Amino acid sequence: MAFSPEDLKIMESIIGRYPRPRSAIMPLLHFVQSKAGYVTNEGIELIAKQLELEAAEVTAVSTFYTQYKPSAIGEYHVGVCTNTLCAVMGGDAIFASLKDHLGIENDGVTEDGKVSLEHIECNAACDYAPVVMANWEFYDNQTVESAKELVDSMRAGNPKPPTRGPNKLVTWKEASAVLAGLNDGLAHEGVQAGQPTLLGLKLSKEGK
Amino acid sequence: MTKLAPVLSAHWDEKDSFTLEAYKRHGGYKASEKALAMDPDAVIQLVKDSGLRGRGGAGFPTGMKWGFIPQGDNKDHYLVVNADESEPGTCKDTPLLMANPHVLIEGCIIACHAIRAKHAFIYIRGEVTHVVRRVNQAIADAYAAGILGNGIDVVLHIGAGAYICGEETALLDSLEGFRGQPRLRPPFPAIAGLYARPTVVNNVESIASVPAIVMNGAEWYQSMGTEKSKGTTLYSLSGHVVNPGQFEAPLGITLREILELAGGVRKGHKLKFWTPGGSSTPLFTDEHLDVPLDYEGVAAAGSMLGTKALQIFDETTCVVRAVLRWTEFYKHESCGKCTPCREGTWWLVQILRDLEAGKGTEADLTKLLDLCDNIMGRSFCALGDGATSPITSSIKYFRDEYIAHLTNGGCPFDPVASTLFVGAGA
């Protein structure tokens with residue numbers, strides 16, 4: 001795919017956020033993913049050109065970070081936390097059942113291109129374990145059944161909304177734009193906090 | 001019984017708590033107004049006097065850190081907020097930013113004024129799309145309201161999935177556009193940090209604690225907590241408990257007290273082991289229920305307060321499985337710069353896998369401890385050190401369980417029993 005003149009302008013504005021251009025590599029890589037779905041060679045070359053670097057220098061950065069994908073993934077990228085706490089509480093069982101249900105392995109993509117699967121590390125929501133992420137939105141307190149229903153809803157083209165997130169799950173490309181620092185106007189949607197987040201405050205109001 | 005003391009979390013239960021309007025409703029941006037009218041050194045002194053210590057794990061006094069920034073050097077200074085919350089078990093900054101991003105922005109303004117910086121960067125992990133939205137919107141709203149942009153700028157920088165970037169010098173390399181690998185110190189960031197300029201790196205919760213200190217005074221903050229650990233903090237309880245969640249309490253509360261508030265360990269089960277501050281802090285057991293959860297209390301009992309991530313595991317959990325999984329995490333996240341960590345974590349995983357499968361020998365336990373000894377303190381940063389914590393502490397408290405894997409020819413535990421949906425037909 002080609003990047004449009006408008007895309008180039010956005011990339012320039014991203015570079016303009018920083019005192020030194022090179023700092024913009026990470027948001028630019030997220031931006032490339034928002035357009036191409038993954039980090040393409042074309043995207044690498046373009047970032048290198050804009051930052052006056054060698055393509056190898058950009059690639060070196062891209063390959064260090066696991067969120068930058070070297071090949072196409074699903075429209076909905078599902079991450080199951082299998083770090084210790086989530087794993088023990090059901091994450092391992094959820095991950096195993098999703099692999100089986102979708103017929104793919106870790107880092108695999110379904111044939112229809114809708115869903116990809118990855119086991120992920122701790123995603124800072126341990127009080128909502130077991131946790132599943134989709135396009136890096138929270139799906140809290142999952143079970144084997146709820147996780148299967150989630151991926152089924154994605155394949156049917158009508159994904160269930162996140163537990164703590166916008167009213168509707170955005171696509172991988174749309175989420176990548178948010179991670180490039182672009183505002184999609186959805187910040188006001190969804191809850192401000194889930195129940196576990198508020199537990200201590202609630203008890204305190206009860207005099208505890 | 002220690003009483004809960006919500007300060008950071010005081011208004012999280014309001015539906016629109018993350019908006020500028022809601023934040024201002026509760027006196028938001030009054031503290032920065034007050035601080036901007038003060039002499040910067042007086043702000044530093046106030047934070048020093050409050051006794052606030054870093055909430056990202058190390059517990060270094062925040063005011064002292066600010067005081068290390070050289071003044072009158074005619075160089076740009078930077079504030080960098082570490083919002084790369086990734087330590088297993090740690091889940092406090094993420095809900096804080098989702099519910100109230102403005103408190104962090106106000107803290108940034110005050111800190112920038114104190115250290116004479118014009119630029120703050122918030123480095124947030126990339127795997128939390130909605131939190132990114134909330135912080136980005138809050139920054140935009142603060143600019144629109146003229147709160148930012150009048151001499152102090154805040155830039156949101158979004159990571160891309162590397163645990164090591166939570167280490168402050170790796171974070172700086174990442175923010176400069178490089179692979180996130182730790183730097184050798186000295187020089188410390190206060191002398192040569194971002195772009196080799198004097199830089200303060202603080203955790204989200206540390207900076208977010210500053211506005212309340214400015215508003216209510218050092219004495220008020222000092223009145224909470226213990227002798228050397230002042231103020232309130234977020235304790236994050238997770239795992240095999242009836243009601244997991246965030247508990248903001250004065251430093252020094254005990255796990256026994258927090259568990260009581262949470263309804264205890266899940267029904268019919270008992271506490272086996274727990275982490276006081278994330279997976280990099282040595283494990284505790286039911287012997288440690290009454291350890292005061294402050295910097296000194298936890299250290300005296302042989303662990304670290306860390307991020308106050310209390311992960312609770314009951315007797316259905318195999319400690320070898322738990323430790324293996326954490327070790328696989330450290331191996332995966334080791335950046336590869338220092339040989340003891342890169343190679344050492346790899347070998348730890350190999351040996352632990354054999355042990356869990358019942359294929360090792362008792363000599364492997366000695367080998368594990370020997371490896372840990374050779375990793376500890378031998379790398380640029382503390383990732384490798386952290387990797388040894390669960391191993392050495394679990395062998396100390398649960399050596400028999402490792403041996404049981406060997407005599408049993410495999411893991412004697414049923415993994416289904418430790419899941420939340422056991423008995424639910426799942």
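I take axes as lines fitted to C-alpha atoms, for helices over the stretch in contact, with angles from 0 to 180 degrees between N-to-C directions. The model I am reading is predicted.

**Entry: α15 and α17 of chain B**

I looked up helix α15 (residues 339-356) of chain B against helix α17 (residues 383-408) of chain B. They pack at an angle of about 15°, and their axes are 12 Å apart. Angles under 35 degrees count as roughly parallel, so α15(B) is roughly parallel to α17(B). The crossing of α15(B) past α17(B) is left-handed.

I then listed the contact. From α15(B) come B:Pro340, B:Cys341, B:Gly344, B:Thr345, B:Leu348, B:Leu355 and B:Glu356. From α17(B) come B:Leu383, B:Gly384, B:Ala387, B:Ile391, B:Tyr402 and B:His405. I sorted the residues of this contact by class: 8 nonpolar, 4 polar and 1 charged.

**Entry: α6 and α10 of chain B**

Next I checked helix α6 (residues 101-115) of chain B and helix α10 (residues 204-216) of chain B. Their axes come within 8 Å and cross at roughly 75°. The range 65 to 115 counts as roughly perpendicular, so α6(B) is roughly perpendicular to α10(B).

On the α6(B) side I noted B:Val103, B:Leu104, B:Glu106, B:Gly107, B:Cys108, B:Ile110 and B:Ala111. On the α10(B) side I noted B:Val204, B:Ile207, B:Ala208, B:Val210, B:Pro211 and B:Val214. The contact of α6(B) with α10(B) divides into 11 nonpolar, 1 polar and 1 charged.

**Entry: strand β7 of chain B**

I turned to strand β7 (residues 271-275) of chain B. This strand is mostly covered, with 5 of its 5 residues buried. I followed its pairing to strand β9 (residues 309-314) of chain B: 4 bridges join the two, and they run antiparallel. Here B:Trp274 stands opposite B:Ile312. I also found β7(B) paired with strand β8 (residues 284-285) of chain B, in the antiparallel sense over 2 bridges. In β8(B), B:Thr285 is the bridge partner of B:Phe273.

**Entry: B:Gly51**

I located B:Gly51 in the loop between α3 (40-50) and α4 (62-67) of chain B. Is B:Gly51 buried or exposed? I counted 22 other C-beta atoms within 10 Å. The cut-off for buried is 20 or more, so B:Gly51 is buried.

I then checked what it meets along the chain. B:Gly51 and B:Tyr221 are 170 residues apart in sequence, yet 7.7 Å apart in space, C-alpha to C-alpha. Leaving out residues up to four places away in sequence, B:Gly51 touches B:Tyr221, B:Gln222, B:Lys230 and B:Gly231.

**Entry: the sheet in chain A**

I traced an open sheet of 4 strands in chain A, in the order β2-β1-β3-β4, with mixed pairing. Its edge strands are β2 (115-120) and β4 (137-139), each pairing on one side only. Neighbouring strands of this sheet are turned by 25° against each other on average, direction ignored.

Inside the sheet I looked at strand β1 (residues 76-81) and strand β3 (residues 132-134) of chain A. They run antiparallel and are joined by 3 bridges. A:Met133 in β3(A) is the bridge partner of A:Gly79.

**Entry: chain A against chain B**

Last, I looked at where the chains meet. The contact takes 68 residues from chain A and 72 residues from chain B. On the side of chain A that touches chain B, elements supplying at least two residues each include α2 (25-36), α5 (84-102), β4 and α8 (195-205). I noted the classes for that side of chain A as 39 nonpolar, 18 polar and 11 charged.

How values were computed
Residues are numbered from 1 along each chain as its sequence is written. Chains are lettered from A and ligands numbered from 1 in the order in which they are written. This is a predicted model: local features need pLDDT of at least 70, side-chain atom pairs count only at pLDDT 80 or more; totals for chains, interfaces and linings use all residues. Two strands pair if DSSP finds at least two bridges between them. Angles under 35 degrees count as roughly parallel, over 145 as roughly antiparallel, 65 to 115 as roughly perpendicular and the rest as oblique. A crossing is left-handed if the near helix is turned anticlockwise from the far one by less than a right angle, and right-handed if clockwise. Two residues are in contact if their C-beta atoms, placed from the backbone, lie within 7 Å. Ala, Val, Leu, Ile, Met, Phe, Trp, Tyr, Cys and Pro count as nonpolar, Asp, Glu, Lys and Arg as charged, and the others, Gly among them, as polar. A residue is buried if 20 or more other C-beta atoms lie within 10 Å of its own, exposed if 12 or fewer, and partly exposed in between; C-beta atoms are placed from the backbone.
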